[in-house]
Amino acid sequence: MKVTLAFVAEPEQVGFPLWTAPLTTPLLASCLTAAGHEVELLDTRLCEAPLADELAATSGDVVAISFMSHSRDEAFEVAALCREQGRITIGGGAHPTVLPGELVDSGLFDHVVRGEGERTLPRLVTDIERGRRPEEQVLQGEPFDLLDYPQPRDDAAYRDVYRPPSFVSTSRAASLTGLTAEAVAELASRDDGLVDVDALRGLSAERFPATREFRSIYLELGRGCPFHCRYCTIQNDWFAPKAGRARPLADVVAEVRYFVDRYDTNYVILVDSIAPAYPDFARFAEFMKTDLPDVEFSFNCTSTHFTPAVAEALAGANCLVWFGFETASPRLLRALRKPGNARTQLRATELCAEHGIRFGANLLLGVPGETTEDYELTMEFLAETRPHSPNPNILTPLPGTDTYRRCLDEGLLRDPGHYRSWTADQIRTRGHGPLLGVDYDRVLSYHRRMLELDRTGEVVHVERGCHLKPHE
């Protein structure tokens, strides 16, 4: 059966609308192909024609749409267009998992797959093809055995993402930078009128934020997180068992080599919630240090998982550790149900300093009930530990989390049905943020002060959670 896999998300705004290809739809495509189906990929961030035209150019009898809460409106637009074209629609991803009833009630989705879809989606499509469509609209996904993880799939839709183009058309350059056609024409030095992307990197950060070329991939070592942070969507048991699952190291190594050999990948982003929880993390780090020293990698970690053994394994590695500190206030750490405490946070940064490891600090601002004292404790911590990259994010409560439920119950949500990410610029322009009772003037003040501590020389992408930061 012909299947179109649509990935719906906000543009990344880092020079190109998409810097790193997602794992979700290419992985699902491999699973569907193995089940005998014909698959094509569509990513709304890469669409240059009107969305209706882009969808009309696809041939899937079934359109499976993957999206998170902040892209709910665009995903529903895709589903509505598919409905008009008489196609079967299936919803999946974080938002459909936590609010499947919203999709069913919309009348735009035939089925919803909650949680992991690598096994459930191919089985559902096969049943549809054979005329055995299940009566239930909402299906619970079956946890995926990572021993069955497929080999990398070379998807034409993402080839220019794996290896960004060196030259772009003048119209493309104008859309990327916001410059007029006349101004872009001055940058085109080639006879064919194309614009060298290096010329765009010479523009101001407001025009083209990325000053060096990242050829990046996402990489998954395993799945599972034992914690229940109140603001995190992924902590829900709806997604997968909390117990960790791991891919064989040989498969991970083969995947990295594939992209390095084929696309000259120079940046690997580990998507695991806690990468050092991977049983073979030390051996993975040694592989990167020994075999691919010029390929940088970044990963997420809690202060409690950053042990002396992990630090020793990373000594000399071309890497960046992202700690989910969120705050240095003991009171807020308890309120957010974060693992660790001020002592473990400080110890993690000391281990980084001892072993010459660069680290970034993910920080959360705009939490209900936070005080100036809470912020000052975080600023003192940052001044003492000097992270390579402070990454302040302003809280947008997401459905399915304890934080969202609390804010809903207490009447703090300005618009309970508005799930879009709120950036500092949007809050500054509108004069308010997503929550009532939060002092956003104070939030913006500390947001600016945290960014001023950045030691990279540039801020590539702080407001969309992109883990791309250059060397000093």
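Me: Which residue stands opposite Leu5?
Reply: Ala64 in β3 stands opposite Leu5. This is a predicted model, in which local features need pLDDT of at least 70, side-chain atom pairs count only at pLDDT 80 or more, and totals for chains, interfaces and linings use all residues. Residues are numbered from 1 along each chain as its sequence is written, and side-chain values use heavy atoms, with hydrogens and water left out.

Me: What makes β1 and β3 a pair?
Reply: Two strands pair if DSSP finds at least two bridges between them. Strand β1 (residues 2-8) and strand β3 (residues 62-67) have six bridges, in the parallel sense, so they count as a pair. Strands here are DSSP runs of E with at least two residues, and helices are runs of H or I with at least four, both numbered from the N terminus.

Me: Why do β2 and β6 count as edge strands?
Reply: The open sheet of six strands has parallel pairing and the order β2-β1-β3-β4-β5-β6. β2 (38-43) and β6 (138-140) each have a single partner strand, so one side of each has no neighbour in the sheet.

Me: Which strands does helix α3 lie across?
Reply: Helix α3 (residues 72-84) lies across β1, β3 and β4 (88-92), and runs at about 175° to β3. Helix α6 (residues 120-129) also packs on the sheet, touching β1, β3, β4, β5 (111-114) and β6, with its direction at about 165° to that of β4. Contact means heavy atoms within 4.5 Å.

Me: Why is α16 called roughly parallel to α19?
Reply: The axes of α16 and helix α19 (residues 440-451) cross at roughly 0° and come within 11 Å. Angles under 35 degrees count as roughly parallel, over 145 as roughly antiparallel, 65 to 115 as roughly perpendicular and the rest as oblique. The crossing angle therefore makes α16 roughly parallel to α19. Residues in this contact include Tyr375 and Leu382 in α16, and Val443 and Tyr446 in α19.

Me: Why is Asp264 called partly exposed?
Reply: Buried means under 20% relative accessible area, exposed over 50%, and partly exposed in between (1.4 Å probe, protein chains only). Asp264 has 39% relative accessibility, so it counts as partly exposed. Asp264 is in the loop between α11 (249-263) and β12 (267-270), and has a positive phi of about 55° although it is not a glycine.

Conventions:
Axes are lines fitted to C-alpha atoms, for helices over the stretch in contact, and angles run from 0 to 180 degrees between N-to-C directions.
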